[in-house]
Amino acid sequence: LRTKLSDFHKIEHLKNALLNAKNILVLTGAGISTSLGIPDFRSSKGFYSKMRTLGLDDPQDVFSLELFKRDPTTFYSIAHMILPPEHSFTPLHAFIKLLQDKGKLLRNYTQNIDNLEGNVGILPEKLVQCHGSFATASCVSCKYKIPGETLYPNLMNKKIAYCPFCENERKNLIRKFEKIEDEGLGNFGSKFETINSFGVMKPDITFFGENLPDRYHSTIKEDVKSCDLLITIGTSLKVAPVSEIVNRVPDHIPQILINRDPINHCEFDIELLGYCDQAITWLCGTQLDWEIKHKDYNKILNS
Ligand code: OAD
């Protein structure tokens, strides 16, 4: 654990910030799940580096709404790699739950779509899944919603799922365009591409080009004003608008960063640079006497 906490005074500052806070805003990203083997996005072995092998100019395009509408097969071919694991969570997730149990958690804003916050027991009202989740899926055309798990077999088998209510219209559209092309009355190349995604089911994760869920917008405005501590954990803070939360929190509110890599484009009062499970176990176990309820807690504490 490399830390900017060079002296006793700063450690005291960190402890007091956590002990005194009553409304903590916890902002999290993919780094809080990597200890379970779930890759983050932008690290050298992250998800986007794997995506380069698919031949995408920009690996973020796997989450591009425009590309999905042109050709949903790209997303369907990789979605099995990011399906959420059931039941598991990390010591860091257990720390957020501890803050909730202590009545200190104002809200956890997570950019993660793995829903491990649900596994650890973060209450829905305490959680904002800023980039949506796999919990539900919707038809891109008529917005018909289904439980996300219903889609898992298709995602696992890389087989595009279609909306039952749009089936007839989809078939009619395909017939119409095929007939026009057969009769040589026109080539509908680009229009045909839009038919590719007509009635396709898409998990309700937020793609680039889509708005964040309404819940994000309805809570963040007040939460940045009413929080008394901001803890940012396991994120590169590269994706707006979530990355802007750090600057929206007033200057007098203490801000802590816990991250493996430094973040140079934002200022924090205290930075704990290292693996977040270790950092939080050290903090809770040796400085605060707070026990994190996780099977690996003692092992990490004694390592
Ligand atoms: P990134 O991959 O951009 O950043 C992850 C950060 O976590 C990096 O700064 C790592 O240094 C750090 N990290 C990795 N493992 C860690 C560990 N064990 N302990 C502490 N830090 C660790 O991921 P995000 O910032 O979450 O969008 O990415 C934001 C969004 O970009 C995602 O929500 C995703 C992506 O496009 C969607 O899924 C729609």
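Predicted model: local features only at pLDDT ≥ 70, side-chain atom pairs only at ≥ 80, totals over all residues.

Colleague: Which residues does Phe-75 touch, not counting residues up to four places away in sequence?

Modeller: A nonpolar core here is a set of buried Ala, Val, Leu, Ile, Met, Phe, Trp, Tyr and Cys residues joined through side-chain atoms within 4.5 Å. The largest one has 35 residues, and Phe-63, Phe-75 and Tyr-76 touch the most other members. Elements giving two or more residues to this core include α3 (65-70), α4 (73-78) and α8 (167-182). Leaving out residues up to four places away in sequence, Phe-75 touches Val-62, Phe-63, Phe-68, Ile-82, Leu-155, Pro-203, Ile-205 and Phe-207.

Colleague: And how much of the protein chain is made up of buried residues?

Modeller: Buried means under 20% relative accessible area, exposed over 50%, and partly exposed in between (1.4 Å probe, protein chains only). The chain has 13 helices and 10 strands, taken as DSSP runs numbered from the N terminus (helices H or I, at least four residues; strands E, at least two). Of its 303 residues, the buried share is 49%.

Colleague: On to the ligand: which residues are the closest?

Modeller: A residue is near a molecule if one of its heavy atoms lies within 4 Å of it. The shell divides into eight nonpolar, 11 polar and four charged residues; Ala, Val, Leu, Ile, Met, Phe, Trp, Tyr, Cys and Pro count as nonpolar, Asp, Glu, Lys and Arg as charged, and the others, Gly among them, as polar. Of the 23 residues that surround the ligand, the closest are Phe-41, Tyr-48, Thr-235, Ser-236 and Asp-261.

Colleague: How much of the ligand's accessible area does the protein cover?

Modeller: Start with the oxygen atoms of the ligand: one is 2.7 Å from a backbone N or O atom of Phe-41, and one is 2.6 Å from an N or O atom in the side chain of Ser-236. A polar side-chain atom of Asp-261 lies 2.5 Å from a ligand oxygen. Accessible areas come from the Shrake-Rupley method with a 1.4 Å probe (for residues, only the protein chains shown count as cover). Of the 800 Å² that the ligand has on its own, the protein covers 97%.

Colleague: Thr-235 sits in that shell too, so is Thr-235 buried or exposed?

Modeller: Thr-235 lies in the loop between β8 (229-233) and α11 (245-248). Beyond residues up to four places away in sequence, Thr-235 touches Thr-28, Gly-29, Gln-111, Asn-259 and Ile-263. Because its relative accessibility is 6%, Thr-235 counts as buried.

Colleague: What about His-9, buried or exposed?

Modeller: His-9 lies in helix α1 (residues 8-20). Since the relative accessibility of His-9 is 61%, His-9 counts as exposed.

Colleague: Last one: which residues is Asp-269 in contact with, leaving aside neighbours within four places in sequence?

Modeller: Asp-269 lies in the loop between β9 (255-259) and β10 (270-273). Asp-269 is partly exposed, because its relative accessible area is 44%. Leaving aside neighbours within four places in sequence, its contacts are Ile-253, Pro-254 and Gln-255.

Note on methods: Residues numbered from 1 in each chain as written. Heavy atoms only, no water. Polar contact = N/O pair within 3.5 Å; in protein donor to acceptor, adjacent residues only side chain to side chain. Contact = heavy atoms within 4.5 Å.
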